[in-house]
Amino acid sequence: MPVNIFLVLGMGLAVGYMSGMFGIGGGFLMTPLLIFIGVSPAVAVASVAGHIAASSFSGAINYWNRRALDVALALMLLGAGILGTATGVWLFTVLRALDQLDLIIGLSYVTLLTVVGAIMIHESVRAIIRAYHGMPATVRRPGSHTWLHGLPFKVRFKRSKIYVSAIPVWAIGFLIGFIGAIMGIGGGFLLVPMLIYFLRVPTATVIGTSMVLTLVTMASATVMHAATNHLVDAVLALILMVGGVVGAQFGARTGQKMRGERLRLLLGLLVFAVGLRFAYELMVQPDDLYSIRYTEGG
Amino acid sequence: MRRIVFVLSMLTIACGGGPADAERLVVSLSNPRVAITSNFVGDKLVLFGTVEPDAGKTGPPPAYDLVVTVVGPRQTLRTRRKQRVLGIWVNVDSREFVRVPSYLAILSNRPVAQIASPDILRRLQIGLDNFLLPQRIGPDIADTVRDDPFRHAFVQLQSQHGLYRQNADAVTFLTPAVFRAAISLPADVPVGNYAVDVKLFVGGGLVGRTNASLAVTKTGFEQYVAEAARDNGLLYGFATMLMALFTGWLASVVFKRD
């Protein structure tokens, strides 16, 4: 499929900039952008996985050097994450055979992005209002126990200084791996809040740990997509990677200068807008009601 | 781009098991091997040919009509139809076209309907409407009526991509017995072997037939990547992953700030 190399490189830079600024993988922005410029959703999802693996590896090295990474927690999330990814890739193959893959990718984006976007906007607007009235920005503090802490199979994670049941850890890892394989997103923007609110992981180790998980799920998704669906476009992925890792470095510098709640509001608006764009795409009548898919010999 | 390279060794001479008073057709393709490189934007080939009347015949040659059918490698494709369900557009119905040409061109010197009767055109599969496009319908595989909505949509979509075409002025007679036919290949032309079938008509009847072939191949890096992705999926996946890790590592080294 002919796409402009410079357009893709520019998109890699722009998305990389935002991912550096907000501390996210950027897959949820990159995949939709590729779909909007005409790359088939299936190829976009599979190739973006490689791109996210690259940017999260570069991030993970950084956090490793600063010892801001909980290896034990990451390993347990990973085991579940790989299971989730394999299940996701399997479902991806089934849906593709049923001609419903593009629809499911679209619907997942609409649901996830509008909901997450709305929550982020709501939360950050409240924080901004509180800051305006001179109150402390964060009211809710991690530390209180929830029902999740009453579950059996408790494990102690030394570096994060938490003592939690293995069940929610496995559940979160599985969910992120599954969503990542189907939607072509690393899931960092979901994983970080989940680790903070459900497992009470301290902010010092949360981003580094999340990056390791993103790295491994996306790297294994790349391999699995290539082996089962033959959809990974290595040339496309390479162009995205180069743009992405460079953009991320500059984005990170801008991000450090901005106020946290402003940053979250911007990110929330962005997430919400992408979700609306997907909803529009599904609801407007397509130019041609018929489409062709190669089943063999292509 | 128009490449006219005569490859006389490719001359294909055939008399065909057709009518008794068969005319001899001699054709040659300007470029029997098309190589797709990274900057390939489509190609135009020329098929040259002459009609040699039967040795016993005398007098001026009759008015010839010529139909060239180019058939690309066979593929199985699925055509899907969208419909609005609860406000969103969903693929609700699909039909599989089994082993149909990935490229199909029907080239002639005038509209095929004027060349021969509908009966003969159907029997010889001349024209997009008459070419057999078998669909899987339940357990059976059969072609449908030409105004079947799926068949119509399929031909239209393929035509939009330049893969199916019917052109009534692609064949020109330079002299009453010497002709040339222009074959256009789009940028995303499928790779494989193409069969070129040349049919000669006089007064609505088939008097001669011959064929030639051409090959479309990919060359260079694209070919290598495409083949690797198809044949060694797992290896290709690992290579892509290692490439990702390397890029990530390189970035963290290059942009290291202390």
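1. Two strands count as paired if DSSP finds at least two bridges between them. Strand E8 (residues 104-108) of chain B and E11(B) meet that requirement: they pair in the parallel sense over 4 bridges. Within this pair, B:Ala105 stands opposite B:Arg165 of E11(B). Please keep in mind throughout that this is a predicted model.

2. As background, strands of a sheet pair through backbone hydrogen bonds, either parallel or antiparallel.

3. Along its sequence, chain A reads α-α-α-α-α-β-β-α-α-α-α-α-β.

4. Burial and contact range come next. Chain A has 298 residues, of which 50% count as buried. Chain B has 258 residues, of which 34% count as buried. In chain A, 82% of them join residues at least 24 apart. In chain B, the figure is 65%.

5. Which elements of chain B give two or more residues to the side that touches chain A? The contact itself takes 40 residues from chain B and 43 residues from chain A. On the chain B side, the elements are strand E6 (74-85), strand E7 (88-101), helix H3 (149-160), helix H4 (220-231) and helix H5 (233-254). H5(B) gives the most, with 15 residues. By residue type, the chain B side divides into 21 nonpolar, 12 polar and 7 charged.

6. E6(B) and E7(B), both on that list, also form a hairpin. They run antiparallel and are joined by 11 bridges. B:Arg80 has B:Ser94 in E7(B) as its bridge partner. The hairpin has 2 residues between the strands. There, B:Leu86 takes a positive phi near 50°.

7. E7(B) has another pairing to check. E7(B) and E9(B) pair in the antiparallel sense, over 2 bridges. The bridge partner of B:Phe97 in E9(B) is B:Gln135.

8. Two backbone angles in chain B deserve a look. Most residues other than glycine have a negative phi. B:Arg99 is not a glycine, yet its phi is positive, near 50°. B:Arg99 is found in strand E7 of chain B. B:Gln125 also has a positive phi, of about 55°, and is not a glycine. B:Gln125 is found in the loop between helix H2 (118-123) and strand E9 (135-137) of chain B.

9. Are these two residues buried or partly exposed? A residue needs 20 or more other C-beta atoms within 10 Å to count as buried, and 12 or fewer to count as exposed. B:Arg99 has 14 other C-beta atoms within 10 Å, so B:Arg99 is partly exposed. B:Gln125 has 16 within 10 Å, so B:Gln125 is partly exposed too.

10. In chain A, look at helix H2 (residues 27-36). This helix is mostly covered: 9 of its 10 residues are buried. Among them are A:Phe28, A:Leu29, A:Met30, A:Leu33, A:Leu34 and A:Ile35. A:Gly27, A:Thr31 and A:Pro32 are buried as well. H2(A) is followed by A:Gly38, whose phi is positive, near 110°.

11. Chain A has a hairpin too, made by E1(A) and E2(A). Strand E1 (residues 154-157) and strand E2 (residues 162-165) of chain A run antiparallel, joined by 4 bridges. A:Val155 has A:Val164 in E2(A) as its bridge partner. How many residues lie between the strands of this hairpin? There are 4, and A:Lys161 takes a positive phi near 55° in this hairpin.

How values were computed:
Residues are numbered from 1 along each chain as its sequence is written. Chains are lettered from A and ligands numbered from 1 in the order in which they are written. This is a predicted model: local features need pLDDT of at least 70, side-chain atom pairs count only at pLDDT 80 or more; totals for chains, interfaces and linings use all residues. Two residues are in contact if their C-beta atoms, placed from the backbone, lie within 7 Å. Ala, Val, Leu, Ile, Met, Phe, Trp, Tyr, Cys and Pro count as nonpolar, Asp, Glu, Lys and Arg as charged, and the others, Gly among them, as polar.
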